[in-house]
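Here is a brief report on one protein chain. Look over the sequence and the 3D view, then read on.

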Amino acid sequence: MLAFWEILRPFNCLMASAAAIIGLLIAMVQDIHAALIIAGAVFLITGAGNVINDYYDRQIDAINRPDRPIPSKRIRPQTAFYYSIALFAAGCILAGLAGRICLVIAAFNSILLFFYARNLKATPILGNLSVSYLTGSTFLFGGAVAGFMGLLANQVPFGLSFLASMSREIAKDIEDMEGDRQGGARTLPILAGERAAAALAGLFGLAGVALSLLAPFGRIYLLIVAMADLLLLFSVYKVIRKDAAGSQKAVKKGMAVALLAFLTAALFS
């Protein structure tokens, strides 16, 4: 049973759920029932996306990550496939309880996660754009409980998350070049070269820093997001210095601090 928990990547699921709750708060909705529903829906759909990704990446993971549940033979591939479908369905059912816009976002994201894992991941830029949108859309999903105005209130969190995720995803492609090449994937660094990919990852990171300073969330937000910006700048330095793994770690830490900044904005703005 531990393998079924591990394949979800629960930390990533919890981070996505936290972002959705922050999106809810930024939209000025303080409803514990709604928070539990959207957190559960995001956790399930994010987990489903991770499972279906592992299913389609099982041959590449046998090279890059042989300890993952499928290549290590702790979960059968077909079992993982049906597990992901069940998680997608459960997540969409929960999303429907939060409102029509939430259901539309959940259904669209579920379909996109499936096709990302099956087709889009190996497509240069388009795959990176898809997963970066999906990461940022958790804020929109939370805000959608309040309708269209809730979506507008979460533009900056969505944008910053999108840009930081683009930087991280390109760095991840750089790190995985060897396994991806053997698996036949056509990622950006394989096609354009590591140097060009690293430069683009750096540009996305810098754009994220610039956007974070434009949010009208007050002084406390700016103080905290400045720490996130330092980590994003450090990630840019790392990827340019050919340390893609270090860049990814710095981006993840920066995004965690940015979540705290947005939470502060939601509570004190």
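## A nonpolar surface patch

A patch here is made of residues with over 30% relative accessible area and no salt bridge, and nonpolar side chains are joined within 5 Å. Keep in mind that the model is predicted.

One such nonpolar patch lies on the surface. Its members are L203, L206, L230 and L233. Together they have about 380 Å² of accessible area. Two helices, α12 (194-212) and α13 (219-240), each supply at least two residues of this patch. L203, for instance, is found in helix α12.

## Two packed helices

Two packed helices are described by the angle between their axes and the distance between the axes. Take helix α7 (residues 126-143) and helix α9 (residues 155-175). They pack at an angle of about 145°. Their axes are 8 Å apart. The crossing of α7 and α9 is right-handed.

Which residues meet here? From α7 they include L129, Y133, F139 and L140. From α9 they include F158, F162, M166 and I170. By class, the α7–α9 contact has 10 nonpolar, seven polar and three charged residues.

## Salt bridges

The count comes to five salt bridges. One of them joins R74 and E6. Their closest N and O atoms are 2.8 Å apart.

Methods. Residues numbered from 1 in each chain as written. Predicted model: local features only at pLDDT ≥ 70, side-chain atom pairs only at ≥ 80, totals over all residues. Heavy atoms only, no water. Axes fitted to C-alpha atoms, helices over the stretch in contact; angles between N-to-C directions. Helix = DSSP H or I, 4+ residues; strand = E, 2+ residues; numbered from the N terminus. Left-handed = near helix turned anticlockwise from the far one by under 90°. Contact = heavy atoms within 4.5 Å. Nonpolar A, V, L, I, M, F, W, Y, C, P; charged D, E, K, R; others polar. Patch = residues over 30% accessible without salt bridge, like charges linked within 9 Å, V, L, I, M, F, W, Y side chains within 5 Å. Areas by Shrake-Rupley, 256 points an atom, 1.4 Å probe, with all protein chains shown as cover. Salt bridge = Lys/Arg side-chain N within 4 Å of Asp/Glu carboxyl O.
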